[in-house]
Amino acid sequence: MEDFRKHYDNERALGHALIARACEKSTMIRQRLAVVAEELRQAAATAGNGSEGLLKLASQFEQNSKPGDHT
């Protein structure tokens with residue numbers, strides 16, 4: 001029974017570590033999306049006319065940079 005408990009505790013700890021790492025990666029991705037959205041907005045401001053596509057893309061990146069389900 002003790003072997004089972006050790007195995008269970010080890011598996012549980014590994015699972016928690018995987019979840020924590022996935023959360024860290026998700027946060028890093030969202031932060032990068034926010035940076036790219038800002039860069040796109042700056043490019044649109046520089047481009048002037050005809051930059052609607054850049055602004056639309058920036059809005060999509062910005063929306064995806066927020067926590068939540070974006071499926």
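I began with Ser65, whose side chain reaches the backbone oxygen of Glu62 at 2.6 Å. For a polar contact I take a pair of N or O atoms within 3.5 Å; within protein, one must be able to donate a hydrogen and the other to accept it, and residues adjacent in sequence count only if both atoms are side-chain atoms. A caution for myself: this is a predicted model, where local features need pLDDT of at least 70 and side-chain atom pairs count only at pLDDT 80 or more, while totals for chains, interfaces and linings use all residues. Residues are numbered from 1 along each chain as its sequence is written, and side-chain values use heavy atoms, with hydrogens and water left out.

Ser65 sits in the segment after α2; helices (H or I, at least four residues) and strands (E, at least two) are DSSP runs, numbered from the N terminus. Is Ser65 buried or exposed? Ser65 counts as buried because its relative accessibility is 14%; the classes are buried under 20% relative accessible area, exposed over 50%, and partly exposed in between (1.4 Å probe, protein chains only). Setting aside neighbours within four places in sequence, I found Ser65 in contact with Arg30, Leu33 and Ala34, contact being heavy atoms within 4.5 Å.

Next, salt bridges (a side-chain nitrogen of Lys or Arg within 4 Å of a carboxyl oxygen of Asp or Glu). How many does the structure hold? I note four.

- Glu62 turned up again, paired with Arg41 at 3.0 Å between the closest N and O atoms. This pair links distant parts of the chain, with Arg41 in helix α1 and Glu62 in helix α2 (residues 52-64), 21 residues apart. Arg41 is partly exposed at 26%, and so is Glu62 at 34%.
- Arg21 and Glu24 meet through their side chains at 3.1 Å, N to O. Both lie in helix α1, three residues apart, about one turn of the helix. Arg21 has a relative accessible area of 40% and Glu24 one of 44%.
- Glu39 and Arg32 form another salt bridge, with their closest N and O atoms 4.0 Å apart. Glu39 is partly exposed at 41%, as is Arg32 at 45%.

Last, I went to the start of the chain. Met1 lies in the segment before α1 (2-47) and counts as exposed because its relative accessibility is 84%.
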